[in-house]
Structure formats: structure tokens, C-alpha cells
Amino acid sequence: MKNILIIGATSGIGRELCLQYAKRGCKVTATGRRQALLASLKESSSNIATCAMDVVDCNAAELLQKVGAAMGGIDLVILSAGYGDINQELVAAIELRTVNTNVLGFTDCAAAAYRYLKEHGGGMLAGISSVASFRGGSAGPAYSASKAYVSSYMEGLRVMSYKDKANVKVSTIIPGFVDTALAKGVGGEDGIFWMAPVEKAAKQIISGLSRGKKIIYVTRRWRLVAWALRLLPDFIYKRI
Ligand SMILES: NC(=O)c1ccc[n+]([C@@H]2O[C@H](COP(=O)([O-])OP(=O)(O)OC[C@H]3O[C@@H](n4cnc5c(N)ncnc54)[C@H](OP(=O)(O)O)[C@@H]3O)[C@@H](O)[C@H]2O)c1
């Protein structure tokens, strides 16, 4: 991968992917809303360029064209921007911000990235879903629902690429807990387990993408949790 666009790279997984790819000699354009964090990324490596944007309030197609022109093409787009919080009180602002970011903003970016890559001879598109996508979650219903949407959308694009012979490889990244600001457990730290350092998570994502994997669990043991979640009968699931 030579030229990479990461949407949502100011912090957490996206930022670490940006730093690790830049270290490997790739050219990376990092995006996000927090300008000071974008500036610090730019300063950290001559391989990193930045572009401020809000996925909820942008024209993703224009962004892709602009970044593509500046980089001389894009080989890989990673959709990392996301929001979620514990919301057992169902505060409307939190539920709606989650949907706006993880569904509406995500859709604009994913569709624009797919179209861009298809029109430019192909490439890779990776979207970050979550183990939370496998069942409805009472800790914050909008978050798990939004991640189910992300997984389904990415699968839709994967099938579309096959049917279109579009040469766009579509990967879905499924993290469990990764040590970032977004990782939250019900009841605080007690609700968090198997938390991966962000460096390890990024390394596994880069490895999975380099092998063209369709589904990338981060870390790998979360595949087991995903499998168990899918099989658990409702009368047990609702008690845990
Ligand atoms: N950490 C975990 O345990 C975990 C588990 C499963 C899935 N995930 C997923 O991993 C992805 C990355 O999250 P993270 O853990 O790295 O959390 P994070 O550190 O909070 O990073 C979130 C990133 O998304 C960007 N973002 C949020 N809203 C945005 C908006 N409206 N427009 C543009 N960018 C926006 C943020 O940038 P700005 O604030 O600067 O805009 C930031 O760069 C998310 O999709 C998350 O759902 C994380």
C-alpha cells in the first residue's frame, strides 16, 4: 500500500494506523475534526498530510477527489471515524450523535470511497465495525445497532465489488476492546476485558489488510466472543 487515506485519524486506532503506516514508508492523509491533533501528526512525519473534516458535515466525494489529486491516487481508504458512549438513560443527544457519525457520516464516506476506488482502477476499503455489532447492546443501543449497520454495509460493498468486477477489496475490521478514549465498559473498568494496546491492534489490522483478509478480528481471540454471541440463546444473553 503506497497511498492511504484514514478518515478519523486524530486519535485512537486511526492515529496509530497512520503513524505505523507512515513509519513503513507509506504516504498517509489523516483526517478528523481536531486541528491541533492533525497538526501534531503532520509534524511527526514527512509521510503524513492532513485534512480537517467532519464526517457528519462534509462532502465525502469532494474530499476523496481532493486527497486523491494531492496524493497522486489512493490505494487504501480506512474508515475509522466513530463515536459511542454508555447510554443507559437513552439520552437522545448521545443516541443521535452515534447514528449521525456511525451511520450517516460513515455511509457518505464508504460510498464515496468505493466509487472513487472503482473509478480509479481498484484498491482497498476497510471499515471499522465492532464485536458489539453481533447483538443488540443495552449499554448503548445506538452504538451496537450502528456497528451492525457498518458490518452489513461493508458486506454489501464486498458483494457489489465482486458483481461489478470492480477490483475493490473490502475488509471489515472487528475490534473487541482497544485501549482508546472510546473503549468503555458498563460499570467502568469492571466491564472491560481483553483490552488490547492500540499499537498491537494497529499492527494486527495492518497485517490483516496486507493479506487481503475480508474480516479482521482485533485481537484474534475476539472471534470466539463473536461466535458465542451469535449462538447464545436470548434467555441467557439478556442476563449477561
Ligand atoms: N476502542 C475500542 O475498544 C473499539 C472497539 C470496537 C470498535 N471501535 C471502533 O474503532 C473506531 C476508532 O475508534 P477509537 O477507539 O480509535 O476511538 P477514538 O480515539 O475516540 O477515535 C475516534 C476517531 O474518530 C474521529 N471522529 C469522531 N467523530 C468524527 C466526526 N464527526 N468527523 C470526523 N471524525 C470523527 C475522531 O476524530 P475527531 O474527534 O478529531 O473528529 C477520532 O479520530 C471507531 O469506529 C470505533 O467505533 C473501537
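Trainee: Which residues are the closest ones around the ligand, and how many surround it?
Mentor: In this predicted model, 30 residues surround the ligand, and the closest are Gly8, Gly12, Gly32, Arg33 and Gly82. The elements that give two or more residues to that shell are α1 (12-23) and α4 (92-119).

Trainee: Which element gives the largest share of the shell?
Mentor: That is α1, from which three residues of the shell around the ligand come.

Trainee: And what does the shell look like by class?
Mentor: The shell around the ligand has 14 nonpolar residues, 13 polar ones and three charged ones.

Trainee: Switching topic, what's in the largest nonpolar core?
Mentor: That core has 63 residues, and Ile6, Cys18, Leu79, Ala113 and Leu125 are those with the most contacts inside it. The element that gives the most to this core is α4, with eight residues.

Trainee: What is Cys18 in contact with, leaving aside its sequence neighbours?
Mentor: Once the neighbours within four places in sequence are set aside, Cys18 is in contact with Ile6, Ala9, Val28, Ala30, Leu41 and Ile48.

Trainee: Where does Ala81 lie, and is it buried or exposed?
Mentor: Ala81 lies in the loop between β4 (76-79) and α4, and it counts as buried because it has 24 C-beta neighbours inside 10 Å, where 20 or more are needed. Not counting residues up to four places away in sequence, Ala81 touches Ile7, Gly8, Val55, Thr101 and Gly105.

Trainee: How far apart are the C-alpha atoms of Ala81 and Ala9?
Mentor: They are separated by 7.4 Å, although Ala81 and Ala9 are 72 residues apart along the chain.

Trainee: OK, helix α5 next: what span should it have?
Mentor: Helix α5 covers residues 141-164, and at 1.5 Å a residue its 24 residues should span 34 Å, which agrees with the 34 Å between its end C-alpha atoms.

Trainee: Which of its residues are buried, and what covers them?
Mentor: The buried residues in α5 are Ala142, Tyr143, Ser144, Ser146, Lys147, Val150, Tyr153, Met154 and Leu157, and what covers them includes α4, β5 (123-128) and β6 (168-175).

Trainee: What happens just after α5?
Mentor: Just after α5, Lys165 takes a positive phi of about 50°, although Lys165 is not a glycine. Its place is in the loop between α5 and β6, and Lys165 counts as exposed because it has 9 C-beta neighbours inside 10 Å.

Trainee: What about the peptide bond that joins Val218 and Thr219?
Mentor: That bond is cis, with omega about -10°, and Thr219 is found in the loop between β7 (215-218) and α7 (222-231).

Trainee: Last one: how many helices and strands does the chain have, and what is its radius of gyration?
Mentor: The chain has eight helices and seven strands. Its radius of gyration is 17 Å, which agrees with the value near 18 Å that a compact globule of 240 residues would have, and along its principal axes the C-alpha trace spans about 55 × 40 × 30 Å. Of the 240 residues, 40% count as buried, and among contacts between residues at least 6 apart in sequence, 64% join residues at least 24 apart.

Methods: Residues numbered from 1 in each chain as written. Predicted model: local features only at pLDDT ≥ 70, side-chain atom pairs only at ≥ 80, totals over all residues. Near = placed C-beta within 6 Å. Helix = DSSP H or I, 4+ residues; strand = E, 2+ residues; numbered from the N terminus. Nonpolar A, V, L, I, M, F, W, Y, C, P; charged D, E, K, R; others polar. Expected span 1.5 Å × (residues − 1). Buried ≥ 20, exposed ≤ 12 C-beta atoms within 10 Å, placed from the backbone. Contact = placed C-beta atoms within 7 Å. Core = buried A, V, L, I, M, F, W, Y, C linked by C-beta atoms within 7 Å. Rg over C-alpha atoms; globule rule 2.2 N^0.38 Å.
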